[in-house]
Amino acid sequence: MCGIAGVICQDGGIARLALPAMVDAQRHRGPDGGGEHYLTMGDATLGLGHRRLSIIDLSAQGAQPMVHPHTGDVLVYNGEIYNYRDLKAELSAGGTVFLGDSDSEVLLHALVEWGPRALSRLQGMFAFAFYRAATGEMMLARDPLGIKPLYIGRRGRTFVFASEVRAILASGLLEPQIDPRGIAGLFSYGACQHPYTMFRNIRSFPAGAWQMLTARGEEEPPVHYWSPPRPESHLSRSEAVEAVRGTLEASVRDHLVSDVPVGVFLSSGLDSTIVAGLAARHASTLRSFTVGFAENPDLSELELAGDTARRFGLDHTEIRIESADAIATTEAWLGAIDMPSIDGLNVYVISKAVREHGITVALSGQGGDELFGGYSSFVDVPRLYRMLRHASWLPAPKRRRLAELLSAGKPAAFRAKAAALAESGADLTSLYTHRRRLMAPAQMNALGLDARWLGLDENFLDPEEMEAMPVNPRDPIWSVGLLESRLYMGNMLLRDGDADGMAHSLEIRVPLLDRRLVDLAFGLPGRVRLPNGRADKHMLRAAMPDLLRPELLNQPKHGFTLPIRRWMLGPLAESCRSGFEHLRASGLVEAEGLEALWSTFVTEPESPAWSRAFACCVLGHYLRRTARTSPAREYAS
C-alpha cells in the first residue's frame with residue numbers, strides 16, 4: 001500500500017517543483033520511504049513519484065519508482081497483488097530474472113511481458129502508472145471495483161494524477177475551482193459521485209479500466225477490461241454454496257500474505273466473523289480489534305465480538321471510546337479527509353487505534369452486504385419495482401399523493417423519501433437511488449442545486465455513467481447488487497475506507513471483494529443468491545455454518561456505527577455549527593435551504609435528518625481547509 005503521483009508538463013522545471021509537493025502531500029500513505037523519477041515523454045517532462053508503506057519485501061529491492069533494468073520501463077504502483085508468487089513463477093519459467101521478492105517487481109515484469117493483457121491475470125487491489133520507454137506511452141489502470149483510488153487532472157497540455165485529491169491540489173498546477181456537481185453528489189448520496197470530485201478539473205479514474213496517454217500528450221479513451229458477469233450461472237444452490245465456501249477460503253488465505261503484522265477488524269456481524277474465522281485457520285498468530293462505546297452500550301459489539309475472538313483463538317483488543325474523545329477525534333478526522341463524506345469517521349477511529357498497536361495491515365469484512373444481499377434494499381427495491389409496475393397507470397402526482405397519505409404521522413424525512421419513491425415510477429435505478437439518497441429533489445432545489453442545470457440526470461448522477469450501467473430488469477436482486485457495489489460501495493465505502501485507513505498508514509484489505517469471489521457472486525441469479533427473498537446473506541450463512549453461531553445469526557443488523565447524531569447536539573455541537581456557518585457564508589448553496597435542513601435535524605435528531613445536517617458541517621470544514629469558494633454558478637458556465 002502506497003501513494004503514487006505523476007505530472008506531465010512542457011516545462012521540466014515546473015514538473016520538478018510540482019512532483020515533490022505531490023509526493024510529500026501523501027507522506028501519510030507511505031512513511032517508509034519515497035522517490036521520484038524524471039524522463040522525457042515526447043516534448044514534455046514526465047515525473048513519477050511514490051511514497052512507500054513497506055508490506056511485502058521490506059528491502060530496498062521493493063522501492064519505487066521501479067525501473068526495468070533492460071527496457072527502461074518505469075512503474076509506480078499502489079496496492080497488493082495477492083497472486084504475485086504464481087505470476088512470478090510463470091515469468092521466471094520464461095526467463096525473467098528477479099532482483100527481489102516484491103509484488104511491485106512482479107507487476108513491472110508482467111506489464112513488460114504482457115502489456116494490458118496482464119490486468120486480467122491480477123488478483124488484488126491496485127492503481128498504477130506504467131511508462132513504456134520504447135513507445136513513449138504511459139498507461140494508467142485501476143482494479144475492477146476501485147478498491148484503490150486514482151484521480152486525474154488536466155489543464156491544457158499539463159496532466160497530473162495521484163492517489164489522493166490533496167496531492168493534485170498540492171501540485172499548484174490546477175485552479176481549485178469548486179464543482180457544484182461534486183456538491184450535488186455529496187448532498188444527494190453522502191459523498192461525491194464518480195467521476196466528479198469537489199473540483200472542476202479533477203476527476204476520479206474509472207474502476208476496472210486502463211487508459212493510454214501517448215507521447216504527444218493525447219488521451220486515448222479508457223478501455224474497460226472488466227465488467228460484472230451476467231447472472232447466467234447454471235450452478236445449483238448446493239453447488240453454489242460449495243463454490244462460495246471454497247472461494248472464500250482461498251481469498252482469505254491469499255489476503256494474509258505479508259511481511260508485517262496482520263490484524264482483523266472484528267464486529268459481531270457475519271462478514272467480519274467469517275473473515276476472522278477463516279484467517280485464524282491460516283495464521284499462527286492473528287490480532288483482532290473491536291470498538292465499543294462506554295456511554296452508548298446500545299451501539300456496542302464488544303461482548304459478542306469478544307466471544308468470537310475467544311472461540312477462534314485470536315489475540316483480541318477492545319477499544320473503548322468515551323464521548324469526551326469525540327471532539328478531538330472528529331476534529332482530527334475533519335482535518336485529514338481527502339474528500340468530504342458523511343462516512344469514514346468510524347474507519348478513521350478504529351484505524352488509528354489499530355495502528356497504535358503496531359499493526360500495518362488489517363482485514364475488513366467489507367463487501368458481504370453488496371455481493372450477497374445484506375441490505376434491506378435487496379428486498380425493498382424489487383418489491384417496490386413490482387408494485388409500481390402495477391400502479392404505473394396512475395399519474396405521478398397521484399402516486400405521490402397516495403404515498404403522502406400512507407406515510408402520514410411518520411417523520412418528515414421519511415415522508416419526503418416515500419413521496420419521491422412513489423413519484424419516480426417503476427424504474428429500478430430510480431427506485432434504488434431514491435432509496436439511497438439523503439435528500440429529496442425538493443430539498444436539493446431548495447439548496448439551489450438543479451440536476452438539469454448541472455448537466456446531471458434526474459438522480460443527480462452522471463448521465464453517461466448511468467447509461468452504461470448494465471442494470472437488468474429481469475433480475476432486480478442482481479441489479480440492486482450492481483448498484484450497491486458501483487454507487488454506495490464504490491463512491492463512498494471503498495474510497496473513504498482507503499483514505500481514512502491510510503491517514504494512519506494502515507492498509508485495509510477486503511477479502512470478500514476478491515475478484516474470484518466477485519465474479520462468482522455476480523454470476524449467480526438473484527433467486528440463487530437470496531432464495532428465500534430475505535436480505536439475510538443466505539449464501540454466506542449456508543457456506544460457513546461452522547463459523548456462525550446462533551447468537552450472531554439471530555441478532556438484528558446494525559453494523560459498525562458511531563453515535564454521531566448524538567454527538568452533534570452534544571460535544572460536537574460547536575464544531576458542527578462552525579462548519580455549517582462556513583458553508584452558509586460561502587454562497588455555494590442557498591442559505592434558506594441550509595437553515596431548513598438544520599431546523600429539521602434539531603426537531604428530529606434521531607431521524608435520517610442528522611446525515612443531511614452532518615454533510616453540511618463536513619463540507620463547511622472541508623471548504624475552509626482546501627478551497628477558495630465562490631458561488632457555484634460562477635463555475636457552472
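**A walk through the model**

Let's start at aspartate 271, which is buried, with a relative accessible area of 8% (buried means under 20% relative accessible area, exposed over 50%, partly exposed in between, with a 1.4 Å probe and protein chains only). This is a predicted model, where local features need pLDDT of at least 70, side-chain atom pairs count only at pLDDT 80 or more, and totals for chains, interfaces and linings use all residues. Residues are numbered from 1 along each chain as its sequence is written, and side-chain values use heavy atoms, leaving out hydrogens and water.

Aspartate 271 sits in helix 7, residues 270-282 (helices, H or I with at least four residues, and strands, E with at least two, are DSSP runs numbered from the N terminus). Setting aside neighbours within four places in sequence, aspartate 271 is in contact with Gly365, Gly368, Asp369, Leu512, Lys537 and Leu540 (contact means heavy atoms within 4.5 Å). Take aspartate 369: 98 residues from aspartate 271 in sequence, but 8.1 Å away in space, C-alpha to C-alpha.

Now hop over to strand 5, residues 74-81, where 8 of 8 residues are buried. In a regular strand the side chains alternate between the two faces of the sheet. In strand 5 both faces are covered, with Val74, Val76, Asn78 and Glu80 on one side and Leu75, Tyr77, Gly79 and Ile81 on the other.

What does strand 5 pair with in the antiparallel sense over 8 bridges? That's strand 6, residues 124-132 (two strands pair if DSSP finds at least two bridges between them). Here asparagine 78 stands opposite alanine 127. Strand 5 also forms a hairpin with strand 4, with 6 residues between them; glycine 72 in the turn has a positive phi of about 80°.
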